[in-house]
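Please keep the viewer open as you read.

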Amino acid sequence: MGLLKTEAGKRNLERINEEIDVSGGDGYQRIQQFITDSPWSAGNLIGAIAQDTSSLYANQPNYRGRDVGYIIDESAHLKKGKYSVGVARQYAGVIGKVENCQVGVYASLVWESQSTLINERLFLPTSWTADLKRCDQAGIPEEARQFKTKIELALEMIQSDLAAGVDIGWVGGDGLYGHGLELGVSLDNIGLNFLLDVHCDQMIYPLKPILSVPESAGRGRKPTKLQADRDPTQVRWYADHLYPFQWRTMAVRNGAKGPITLSVHTAPVWVWDGKSERVTERVLVISRNHADNKIKYSLSNVDYRSTPIERLAYMQAQRYWVERAFQEAKSELGMSDYQVRKWNAWHHHMALVMLSLSFIVKERLLHKTDYPLVSCRDLRLLIIALLLNDPDAVEKRIQQMRVRHEQRRKDIERYYKLTATG
């Protein structure tokens, strides 16, 4: 309730306590104990959120499990000082540079235009895992003190949610998780389809290379390492040399200002890490956004021959909804506004944010026919009015929302007419 009632940027424990008006004079201490020292399990709550979200989607009309994306992404929370668990100078995507921050690795379950966070892991740099005293002070449990890469944390979440029965149609992620072969090979072994973004310098083989050990030249050491019979190329170079007829133009989703239109190219390619005994076939997906000319590159393990290009474009475009989920969690639900230092407190806070966000998604789906444009902020303001137990305040919020939605609807229709005629 405190996360919903308190305004953005002010969702620390003092302001939350003021909003929920805990009686007895010791409300702040009670909230602090609940977040920091209470023994309730954040993991159990997050697990229940994942299962409930999966079931919620499955009960919707036109549901198909293959359309559910399990998207991995990280998000940084800027912090001062050196005592907050996991804080370090590291890359913060929210500002695009290295800064003092905590970084969480998150899993989002995405279906159509709905997205909510269903799992998390706090990334601990080696400056933490190598410092036992620091770990003790932050309350990091023994089993969490081993350094793990973000890819390893992502795999932990995937395996945990699969074991819990979460329906996963495919796995997605940005270039951090797609560049290289590690996560893709692991997902192959698990038996999950994926479409992972890669960096523009990702090396590929447009034609399948043959691997062999070169014959000895007669002098020096006898060659023992496999070599490819052709050179790989970077995906950006490959894209630069495509002909116009090799691109397909299609709309991947509806935006507020008209359909989001992309030019898309797909092709079977091969990747090799220089050490394995065989090359791996992948599907290369390249898209160019018509609005900003931005190019995105991805690799997938789906069957190229049986997977329509429209589906590959859909999968690649679904990461947009994850960014929306982060935006709503931070701006409306206080995801980064916490002021806690210890391990349990961080996970407790994230669990409560996820619970709030999952409630928002549930309400959107429940009322999507009557209020198709309802936003997280709309629902948060309406909840505040309901908590006031004032029918007039509730009716006022509903009327304001209807007026706002009608204006947005007219704007959207105008943009679509302009798109259709121009």
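Helix H7 (residues 150-163) has 14 residues and spans 20 Å from its first C-alpha to its last, close to the 20 Å expected at 1.5 Å a residue. That expected span is 1.5 Å times one less than the number of residues. Helices here are DSSP runs of H or I with at least four residues, strands are runs of E with at least two, and both are numbered from the N terminus. This is a predicted model, in which local features need pLDDT of at least 70 and side-chain atom pairs count only at pLDDT 80 or more, while totals for chains, interfaces and linings use all residues. Residues are numbered from 1 along each chain as its sequence is written, and side-chain values use heavy atoms, with hydrogens and water left out.

**Buried helices**

The buried residues of H7 are Lys-150, Ile-151, Leu-153, Ala-154, Leu-155, Met-157, Ile-158 and Asp-161. Buried means under 20% relative accessible area, exposed over 50%, and partly exposed in between (1.4 Å probe, protein chains only). After H7 comes Gly-165, with a positive phi near 90 degrees.

Helix H11 (residues 309-317) has 8 of its 9 residues buried, so it is largely enclosed by the rest of the structure. Those buried in H11 are Ile-309, Arg-311, Leu-312, Ala-313, Tyr-314, Met-315, Gln-316 and Ala-317.

Helix H4 holds Ile-49, which counts as buried at 5% relative accessibility. Leaving out residues up to four places away in sequence, Ile-49 touches Leu-117, Ala-351, Met-354, Leu-355 and Ser-358, where contact means heavy atoms within 4.5 Å. Ile-49 and Asn-119 are 70 residues apart in sequence, and their C-alpha atoms are 8.5 Å apart in space.

Two packed helices are described by the angle between their axes and the distance between the axes. The axes are lines fitted to C-alpha atoms, for helices over the stretch in contact, and angles run from 0 to 180 degrees between N-to-C directions.

| Helix pair | Axis distance | Angle |
|---|---|---|
| H12 (residues 319-333) and H13 (residues 343-366) | within 11 Å | roughly 110 degrees |
| H13 and H14 (residues 376-387) | 10 Å | about 100 degrees |

H12 and H13 are therefore roughly perpendicular to each other; angles under 35 degrees count as roughly parallel, over 145 as roughly antiparallel, 65 to 115 as roughly perpendicular and the rest as oblique. On the H12 side, the contact is made by Arg-324, Ala-325, Glu-328, Ala-329 and Leu-333, and on the H13 side by Val-353, Ser-356, Leu-357 and Arg-364. By class, this contact of H12 with H13 has 5 nonpolar, 1 polar and 3 charged residues. Here Ala, Val, Leu, Ile, Met, Phe, Trp, Tyr, Cys and Pro count as nonpolar, Asp, Glu, Lys and Arg as charged, and the others, Gly among them, as polar.

H13 and H14 are therefore roughly perpendicular to each other. In their contact, Phe-359, Ile-360, Glu-363 and Arg-364 of H13 meet Cys-376, Leu-379 and Ile-383 of H14. The contact of H13 with H14 divides into 5 nonpolar, no polar and 2 charged residues.

**Two loop asparagines**

Most residues other than glycine have a negative phi. Asn-62, although not a glycine, has a positive phi of about 65 degrees. The loop between helix H4 (42-58) and strand S1 (69-78) contains Asn-62, which counts as exposed at 69% relative accessibility.

Asn-293 also has a positive phi, near 65 degrees. This residue sits in the loop between strand S13 (280-289) and strand S14 (295-300), and at 51% relative accessibility Asn-293 counts as exposed.
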